[in-house]
Each structure stands twice: as structure tokens, then as C-alpha cells.
Amino acid sequence: MRPIEIALILVNLLALLLIRIRPSRTVWIGSAGVNLLFLLIHSVFEGLRYQMALAYLCVVILLLCAGAKGAGRFSGGRFPRALKTTAVGLSILLLALTSYLAYALPVFTFPPPTGDYAVGIKYFAFIDEARRDPFRDKADQKRYLMVKICYPAKDDSSKPYSPYFHNSRALLGAWARFYHLPGFAFDHLGLVKTHAKDGLEVSDKHQDYPVVLFSHGAGTTMEAETSQSEDLASHGYVVVDVRSEESRVGKECRSRWSP
């Protein structure tokens with residue numbers, strides 16, 4: 001889990017503890033405000049993801065209860081006590097579930113490349129109009145290839161690092177479907193940053209660089225070996241990953257990456 005995600009859950013737990021100990025209007029409103037602040041910080045600096053949705057819902061519950069408390073609608077009695085107990089119990093359950101989801105499907109960090117070169121990245125989409133694709137059911141479908149190239153480059157500090165899966169929901173959805181999961185299951189991987197940058201110039205330390213054709217294995221995705229490809233490129237290799245993508249993915253790739 002990322003630091004602000006952990007902080008948000010801890011702040012939620014602290015709010016539940018304070019509300020349980022001192023259920024005053026000030027505590028309700030203050031706790032809800034602090035939780036909202038951490039949620040906003042998390043959304044700006046880390047980005048929202050569905051694994052944390054239950055924690056976000058917990059913040060919403062706190063805000064609604066604090067609003068009702070501030071409006072003077074709760075003045076004691078059985079109903080407020082029952083509502084408070086329900087809200088606290090539900091929030092604890094939501095936090096436990098969202099912590100598990102965030103831990104099981106993390107926004108991880110790639111190990112840095114060990115070589116001396118900065119790493120550039122470029123995607124291409126190619127169609128061979130003279131060949132039929134032997135891996136497609138439609139007899140008239142042309143041969144389509146998506147190619148990712150990692151290469152030794154000149155660094156440019158003004159350029160951001162490229163997001164994992166090149167920020168393509170189509171690629172993320174295709175990988176999720178390969179594992180028979182909903183198309184959104186791996187959307188959080190778009191928040192992962194690689195150690196490569198788009199559009200960097202090729203390093204001029206040498207005139208030529210050896211080329212490696214990297215095979216990612218049948219059925220999986222060329223993004224799965226991102227760390228290995230980047231590390232090879234940082235040591236002076238041009239790494240070419242090739243994949244024949246499904247038609248829906250290919251349509252997006254052709255529109256975005258065709259040379």
C-alpha cells in the first residue's frame with residue numbers, strides 16, 4: 001500500500017476511536033474534516049483506485065453523520081446510539097476489506113535499472129497488408145503486430161516517466177480478460193510508473209547498439225517483463241517486444257502508436 005493510503009486508513013480508525021470515546025459534535029465534525037482532507041491529498045498525489053473505494057465510502061459515511069450531528073438532528077436517545085454503533089461497525093468492516101484489497105492488488109514500484117543509460121520507450125503498431133493473420137478467426141484479417149521498444153537514451157529531466165501499460169485501458173482490460181477477470185481488475189496498474197520515458201533521443205555514447213528480441217511468452221503481455229526490458233536497455237541493448245494483440249486492443253494501438 002502507498003503511504004497516503006495507509007495514512008487515510010489510520011485516520012479513519014482514529015476517527016472511529018475518537019467518536020466512540022467522545023461522541024461530541026466537535027469530534028464528529030473535526031474527524032470528518034480531517035478524513036476528507038486526507039482523501040483529497042490522496043487523490044491529488046497518489047490517485048484514486050477502486051481497491052480503496054470502501055475507505056472512500058467510510059469517509060462519506062463520516063461526512064453524512066457529521067453533517068447530521070452538526071445540524072442538531074441527533075440529540076441522544078436510542079436511535080442516535082444505534083446509528084453510531086452501526087456506522088462504526090460498518091466502517092471497521094469497510095476498512096478491513098479495503099485494506100485487504102489494496103494489499104492484494106497494490107500499486108507497486110519497479111526496481112530501478114542497474115545500468116548506466118537512461119531508458120527510452122517507444123510503441124509502434126504495424127499492419128502487413130500482404131499477409132493474413134494466422135492467429136485470427138477471420139480469414140480476411142490482416143497481420144497486425146504491436147511493438148514496444150526500450151532503448152539506451154539521453155535523459156531529459158523535463159519528461160515524466162511513462163506509466164505502466166502506457167496508460168492504455170484497452171491493454172489493461174485485455175490482460176484482465178486473459179485471467180478471466182473483469183476488464184477493470186487491473187486498472188490500478190495505470191498508476192504504476194516505469195523507469196522509462198517516452199520520446200527520448202537515443203544515446204550517442206555508441207554508434208550502434210545490439211538488438212534483443214524479447215519473447216514474453218504465449219498468451220501473456222509484453223508489459224509483464226517491463227523490469228527486465230528496462231534493465232537490459234540501461235546496459236546498452238535495444239529491446240524489441242512484439243505481440244499480436246486482439247482486435248479491440250489493436251484498434252486503439254493503431255490510432256495512438258502507428259508510425
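## Cavities

A search of the whole structure, which is a predicted model, turns up two cavities of 30 Å³ or more. The largest cavity has a volume of about 50 Å³. Its lining comprises 13 residues, and those closest to the centre are Ile121, Tyr123, Lys148, Thr194 and Glu223.

Which elements each supply at least two residues of this lining? They are strand E1 (118-132), strand E2 (142-153) and helix H6 (226-234). Sorted by class, the lining of the largest cavity holds six nonpolar, four polar and three charged residues.

## Threonine 194

Thr194 is one of the residues closest to the centre of the largest cavity. Threonine 194 sits in the loop between helix H5 (169-178) and strand E3 (196-198). Is threonine 194 buried or exposed? Its relative accessibility is 7%. Buried means under 20%, so threonine 194 counts as buried.

The side chain of threonine 194 has two polar partners to look at. One is the backbone oxygen of serine 162, reached at 2.7 Å. Another is the side chain of glutamate 230, with a polar contact at 3.5 Å. Leaving aside residues up to four places away in sequence, threonine 194 touches Phe110, Tyr161, Ser162, Pro163, Tyr164, Thr226 and Glu230.

## Threonine 85

Now for another threonine. Threonine 85 lies in helix H4 (residues 78-104). Threonine 85 counts as partly exposed because its relative accessibility is 41%, and that class lies between the 20% and 50% cut-offs.

Threonine 85 and isoleucine 19 are 66 residues apart along the chain. Their C-alpha atoms are separated by 10.0 Å.

Methods
Residues numbered from 1 in each chain as written. Predicted model: local features only at pLDDT ≥ 70, side-chain atom pairs only at ≥ 80, totals over all residues. Heavy atoms only, no water. Helix = DSSP H or I, 4+ residues; strand = E, 2+ residues; numbered from the N terminus. Buried < 20%, exposed > 50% of the residue type's maximum accessible area, 1.4 Å probe, protein only. Polar contact = N/O pair within 3.5 Å; in protein donor to acceptor, adjacent residues only side chain to side chain. Contact = heavy atoms within 4.5 Å. 1 Å grid on protein atoms, 1.4 Å probe; cavity = no way out; pocket = protein on both sides within 12 Å on 5 of 7 lines; lining within 4 Å. Points joined across faces, edges and corners; volume = space filled by probe spheres on them. Nonpolar A, V, L, I, M, F, W, Y, C, P; charged D, E, K, R; others polar.
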